[in-house]
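The entries are in the order in which I looked.

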2 protein chains.
Amino acid sequence: MQSEQDQPKNLKWTFRNHSVGMIAENDFQWVEEKAPDAGAGEVLIRNVYLSLDPTNRVWMGEKDTYMPALKRGEVMRGLAIGVVEKSNHPGFKPGDWVQGLLGWQKYLVSNGEGLIALPQIAGLPLEAHFGLLGHIGLTAHYGLLQIGKAKPGETVVVSAAAGAVGSLTGQIAKIQGCRVIGTAGSDEKCRYLTQELGFDGAINYRTEPLPERLRELCPRGIDVYFDNVGGATLDAVLDLINDFGRIVACGMISAYNQDDVFTSRHMVNIVTRRVLMQGFVCLDHPEFAPQAYQDLIRWHLEGKIKYRVDVVEGLENAVTAVNRLFTGANQGKLVVKVS
Amino acid sequence: MQSEQDQPKNLKWTFRNHSVGMIAENDFQWVEEKAPDAGAGEVLIRNVYLSLDPTNRVWMGEKDTYMPALKRGEVMRGLAIGVVEKSNHPGFKPGDWVQGLLGWQKYLVSNGEGLIALPQIAGLPLEAHFGLLGHIGLTAHYGLLQIGKAKPGETVVVSAAAGAVGSLTGQIAKIQGCRVIGTAGSDEKCRYLTQELGFDGAINYRTEPLPERLRELCPRGIDVYFDNVGGATLDAVLDLINDFGRIVACGMISAYNQDDVFTSRHMVNIVTRRVLMQGFVCLDHPEFAPQAYQDLIRWHLEGKIKYRVDVVEGLENAVTAVNRLFTGANQGKLVVKVS
């Protein structure tokens, strides 16, 4: 029989405060405790990679959104990849890789609900499930093609284009034969977009005048806007949107950290130019995942799509790391190596 | 041979200025001149009813929208119903009723392009083509049912609900089995909505606190918002919109007369609640007109739909009358009796 002394230690961040502004360590509680053990019908999972996403901020709000608001004392919600350490569940065996809302913790016990077994895909490392597939890949593919309906020759603008979703979206748009312009927060990111990912143009929104540069780079107007940020970028696009343009409302990161007011001089164009604006969350559309993943894996293996994973070591650094999504300091899909 | 003396006099308003704020007589030129005569293949039309619509203001802007911006000296664009006085065109004969973009004038000559012959419908007066059918009826029917997809039991909010489009929209929503709340600019209009048209509730946005009253009257949130006004009403709705809600962006009258800034604290809900917002112009969807008119005529003859036409006498009063759309002084579909 295993003694208490031998049982592994669990590490976790539990949720403490709804707050505004950047995420603070104080919004969470760091807990070290005995790891749980798998009971009848359960599996014990050790998390390996934790995904950090802008939507983490949405979940930390006071109100329920597409998921319930977090409650004080609850483990912080997070998508993660883990390995099964012990299983009393017929569907899983030790060594299996699984993905799901496994939370900001090292160990957890699950009854199998919501757990997705990850296949081994030749040529793809484990991190590809966060950089290329999973919620990132499905969001980019579904948003651009099912909502945006991007067609050859059209002009597509992507904001937060060097981010995980944005960089995939822009590359998919290039594969569709579109002219693709991205916005990002540094010259280095802009160079990455045009020189590495094949974007037709990139705008550093921190140093360049966005409305003027967008107008220069989109001489035939904008047909599809894949919006990750909202705010002033959305308004600048509304000025240039073409008749029957589509705005894929994927995120409004500019509004997540503050009680932000959107101001627009061009909302009326939604009516006069017959614009579609559609919010979405990829979790609502799992039926599109198989086709999306098949395309993305094929395109990646053919060398048409690149992705970057930005790995932070150690669960204890998750809280400071998540803010890199809002300052723009991350380079590609942000994940924490938990163990 | 007819002498010049006998030829009828034409009256017309030509366009002069792009301007901001309310429409002024000075934005137009009043012209009295000899009426034109029909040449080979042409028809001479005498306008009888001229439709005044919020979109007149859109056409008067500096930029092309879904139609080209008006040019100085051009007859003011307007939808009208007229009678054929003389015809050298095989498709029309004297006495035929026709509808089209006939302009703010008493007489005009047409080659037949864009002219729609109006059928005589038993039980419906000529004005029904503006109050119930035509662009008003198609806009309400298409917007609510094709874009809004209003379903029984859902909550529908309509702004400018006592206006021509709004009052039809609300009544169609009632026929669909929806809970219907309207906003309007006077207590009398609100009484009209609830007591005459069967709305479940009405809010006087000038005297009542809109966000609070909307919340009271929409205890299960808002599923469909038929937006004729934009601005603060749109933002209040965005706060209460349900998951998968639909915003039918029909008009933004609040933005037409000024270089208006839309400010919103709730745009992020478009993403998190997966909201559809779709701008449209009924001219793009003529294929839906036959079904829409069939429904509207049947519902009207069954007593389920009422409409009001607010008739202003005399083309010379068109410019002052059109502002009643923006002050809210009109009672139902605003038309000018031209002759």
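**Entry 1: domains of chain A**

I note at the start that this is a predicted model. I looked up how chain A is divided: domain 1 takes 4-131 + 308-337, and domain 2 takes 134-284. I then took the centres of the two domains of chain A over C-alpha atoms, and 29 Å separate them. For the contact between these domains I listed 16 residues from domain 1 of chain A and 13 residues from domain 2 of chain A.

I went on to the domain 1 side of that contact. In chain A, helix 1 (55-59) and helix 2 (128-131) are the elements that give two or more residues to the side of domain 1 that touches domain 2. Helix 2 of chain A gives the most to that side, with three residues. I sorted the residues of this side of domain 1 of chain A by class and wrote down eight nonpolar, six polar and two charged.

**Entry 2: chain A against chain B**

How many residues does the contact take from chain A and from chain B? I have 30 residues from chain A and 30 residues from chain B. On the chain A side, at least two residues each come from strand 12 (241-249), strand 13 (262-264), helix 9 (269-272) and strand 14 (276-279). Strand 14 of chain A gives the most to the side that touches chain B, with four residues. By class, I recorded 17 nonpolar, eight polar and five charged residues on the side of chain A that touches chain B.

I also checked how strand 13 of chain A is joined to strand 13 (residues 262-264) of chain B. Three bridges join these strands, and they run antiparallel. I looked up A:Thr263 within this pairing, and its bridge partner in strand 13 of chain B is B:Thr263.

**Entry 3: B:Ala35**

I picked B:Ala35, which is in the loop between strand 2 (28-34) and strand 3 (43-51) of chain B.

Next I listed its contacts, leaving aside neighbours within four places in sequence: B:Ala35 is in contact with B:Gln7, B:Pro8, B:Lys9, B:Asn10 and B:Tyr107. For one of these, B:Lys9, I noted the separation from B:Ala35: 26 residues in sequence and 5.1 Å in space, C-alpha to C-alpha.

Definitions and conventions. Residues are numbered from 1 along each chain as its sequence is written. Chains are lettered from A and ligands numbered from 1 in the order in which they are written. This is a predicted model: local features need pLDDT of at least 70, side-chain atom pairs count only at pLDDT 80 or more; totals for chains, interfaces and linings use all residues. Domain bounds come from an automatic or database domain assignment. Two residues are in contact if their C-beta atoms, placed from the backbone, lie within 7 Å. Ala, Val, Leu, Ile, Met, Phe, Trp, Tyr, Cys and Pro count as nonpolar, Asp, Glu, Lys and Arg as charged, and the others, Gly among them, as polar. Two strands pair if DSSP finds at least two bridges between them.
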